[in-house]
Amino acid sequence: VQLQASGGGLVQAGDSLRLSCVASGRAFSTYTMGWFRQAPGKQRELVASISSGGSTNYADSVKGRFTISRDNAKNTVYLQMNSLKPEDTAVYYCAADTNAYRPFFTSDYWGQGTQVTVSS
C-alpha cells in the first residue's frame, strides 16, 4: 500500500486547509485511516482516525476544528482543518491500519508527510 499525502502549506492563524491522502490498492475501504502530526522536538501524535464504517476519533486538541472524512470511491482520506492555530504547525502524515480488530490504531503504512505551518 502506498499513501500519497498533499495539501499542506503556509497559512495564518484562523485560516483553513484541507489535506488529502490517496492510497493505492483495492482494499482501501477496509482500512482504518489516520492522520498523525509531528512538530519539531515532539513525538508523533495521532490527530484523527476514521474506521472503515466511518466512525471517527479525534485528539482533544483538534476536536471541533478538524474533520476527517473518506471517499472510498477515490481511495482518499481527507483532513479538513479549520481555525488553525500556530500550535498546529507540524508535518502531517497519513497512515493506514489494515487490521480492523486491533483495539488501538496501529500504522501498517505511512505516507510521506506534508508540512503545515501556521503563522500568528
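Modeller: The largest pocket has a volume of about 190 Å³. Of its 14 lining residues, Thr-32, Ser-49, Arg-102, Phe-104 and Phe-105 are the closest to its centre. A pocket here is an open set of points on a 1 Å grid over the protein atoms alone, where a 1.4 Å probe fits, with protein on both sides within 12 Å along at least five of seven lines; lining residues have an atom within 4 Å of a point. Points are joined across faces, edges and corners, and the volume is the space filled by probe spheres set on them. This is a predicted model: local features need pLDDT of at least 70 and side-chain atom pairs pLDDT 80 or more, while totals for chains, interfaces and linings use all residues. Residues are numbered from 1 along each chain as its sequence is written, and side-chain values use heavy atoms, without hydrogens and water.

Strand β5 (residues 45–50) gives the largest share of the pocket lining, three residues; strands are DSSP runs (E, at least two residues), numbered from the N terminus.

One disulfide is counted, that is, a pair of cysteine sulfur atoms within 2.5 Å. The sulfur atoms of Cys-21 and Cys-94 are 2.1 Å apart. The torsion about their S-S bond is about 55°, so the disulfide is right-handed. It links distant parts of the chain, with Cys-21 in strand β3 (residues 17–23) and Cys-94 in strand β9 (residues 90–97), 73 residues apart. Both Cys-21 and Cys-94 are buried (under 20% relative accessible area; exposed is over 50%, partly exposed in between; 1.4 Å probe, protein chains only).

Cys-21 is also among the contacts of Thr-76 (heavy atoms within 4.5 Å). Beyond four places in sequence, Thr-76 touches Ser-20, Val-22, Phe-28, Ser-69, Arg-70 and Asp-71 as well. Thr-76 belongs to strand β8 (residues 76–81) and is buried, at 6% relative accessible area.

Asp-71, in strand β7 (residues 66–71), is partly exposed, with a relative accessible area of 24%. With neighbours within four places in sequence left aside, Asp-71 is in contact with Phe-28, Thr-76 and Tyr-78. Phe-28 is 43 residues from Asp-71 in sequence, and their C-alpha atoms are 9.6 Å apart.

Notes: Helices (H or I, at least four residues) and strands (E, at least two) are DSSP runs, numbered from the N terminus.
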